[in-house]
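Please look over the structure shown below before reading on. The briefing that follows takes up helix packing, nonpolar cores and some individual residues.

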Amino acid sequence: METTSKLKDLGFSQYEAACYMALVGNHPINGSQLSKISGIARSRIYDVLRSLISKGYVIEVNTGQYAPLPSDELIRRLQRNFDKNIRAFEKEITKASQRQDFEYVWTLTGYDTVMEKAKEMIEAAQEEIYVRLFPEADRHLSDALVTAEKRGVKIRYIAMGEIPERFDIQVTHPEHENLIKTIGGRSFDIITDKREALVGIFEAGNEDQAPINWTRNQWFIIANRDSLRHDFYHCFLEKTLDQNQDLTDKEKEIYDIIKTDN
């Protein structure tokens with residue numbers, strides 16, 4: 001039963017979870033009846049009941065008759081205990097942690113896992129977000145980016161394809177159509193507040209196994225953020241040198257902002 005496995009995740013033993021769930025649907029009942037319903041041997045059922053009673057999750061309402069703590073109250077207690085343990089652990093780990101002069105680069109895999117981390121970074125950003133996305137990733141993250149801009153976060157967006165213009169500082173990469181073949185997949189880059197980077201390439205046909213790097217390593221972040229800044233220049237140079245076109249007033253404004261955005 002899925003609910004039983006979730007209780008195990010919350011600190012119940014397998015027998016405690018089975019016993020509590022059996023009581024939820026059948027109470028008050030005696031130990032013999034509970035043994036049959038839960039599948040726990042009679043030789044074990046009373047030890048399990050004593051354990052649950054000691055934790056305050058079960059009560060003996062009459063002699064030999066048992067009932068569970070109401071589910072809403074159980075949830076409140078578990079939440080309260082969880083929050084208390086997290087706060088205590090936070091204090092302990094802060095004391096135990098050594099000073100780090102650098103941050104490691106971690107690898108995330110799984111498309112959904114990466115998108116979840118990206119949304120988390122975007123939602124936590126307070127000052128700026130540099131981002132370079134293909135349309136597939138944009139569909140997952142555009143709402144979070146728009147929301148971030150509305151709360152005052154500066155968005156610097158490089159679109160790797162036909163993506164609606166949503167932000168004041170947004171350009172379309174001139175070689176996006178060829179890059180998938182050139183690099184073997186779709187690049188993915190998010191830098192938030194000069195503090196976090198999530199970058200990599202979703203390999204074509206192997207997106208869910210592609211390694212995407214996440215880090216707070218400052219040298220890594222500086223290098224990747226600067227790479228994104230120079231992609232803006234790439235867009236402008238391609239237009240002026242390869243197409244022999246003048247920049248629009250809007251493009252000149254973006255150029256001036258990116259040039260001073262150190």
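At what angle do the axes of helix H2 (residues 14-25) and helix H4 (residues 42-54) cross? They cross at roughly 85°, and the axes come within 10 Å. This is a predicted model, in which local features need pLDDT of at least 70 and side-chain atom pairs count only at pLDDT 80 or more, while totals for chains, interfaces and linings use all residues. Residues are numbered from 1 along each chain as its sequence is written, and side-chain values use heavy atoms, with hydrogens and water left out. Helices (H or I, at least four residues) and strands (E, at least two) are DSSP runs, numbered from the N terminus.

**Helix packing**

- Two packed helices are described by the angle between their axes and the distance between the axes; here axes are lines fitted to C-alpha atoms, for helices over the stretch in contact, and angles run from 0 to 180 degrees between N-to-C directions.
- The crossing at roughly 85° makes H2 roughly perpendicular to H4, where angles under 35 degrees count as roughly parallel, over 145 as roughly antiparallel, 65 to 115 as roughly perpendicular and the rest as oblique.
- Tyr15, Glu16, Cys19, Tyr20 and Leu23 of H2 make the contact (heavy atoms within 4.5 Å) with Arg44, Ile45, Val48, Leu49, Ser51 and Leu52 of H4.
- Helix H6 (residues 111-124) and helix H7 (residues 135-150) have axes 9 Å apart and pack at an angle of about 15°, which makes H6 roughly parallel to H7.
- From H6, the residues Tyr111, Met115, Ala118, Lys119 and Ile122 meet Glu136, Ala137, His140, Leu141, Ala144, Leu145 and Ala148 of H7.

**Nonpolar cores**

- A nonpolar core is a set of buried Ala, Val, Leu, Ile, Met, Phe, Trp, Tyr and Cys residues joined through side-chain atoms within 4.5 Å, and buried means under 20% relative accessible area, exposed over 50%, and partly exposed in between (1.4 Å probe, protein chains only).
- The largest nonpolar core has 28 residues, and among those with the most contacts inside it are Ile129, Leu141, Leu145 and Phe188.
- At least two residues of this core come from each of H6, strand E4 (128-133), H7, strand E5 (154-159), strand E7 (185-192), strand E8 (196-203) and strand E9 (212-215), and H6 gives the most, with 6 residues.
- A second, separate core has 21 residues, including Ala17, Ala18, Cys19 and Leu34.
- Leaving aside neighbours within four places in sequence, isoleucine 129 is in contact with residues that include Ile122, Leu145, Ile155 and Ile190.

**A buried aspartate**

- Aspartate 138 lies in helix H7 and counts as buried because its relative accessibility is 3%.
- Not counting residues up to four places away in sequence, aspartate 138 touches Leu133, Tyr157, Ile163 and Arg166.

**Backbone features**

- Most residues other than glycine have a negative phi, and most peptide bonds are trans.
- The peptide bond from histidine 27 to proline 28 is cis, with omega near -5°, and proline 28 lies in the loop between H2 and helix H3 (31-38).
- Lysine 194, in the loop between E7 and E8, has a positive phi near 55° and is partly exposed, with a relative accessible area of 37%.
- Asparagine 244, in the loop between helix H9 (218-242) and helix H10 (249-259), has a positive phi of about 55° and counts as exposed at 65% relative accessibility.
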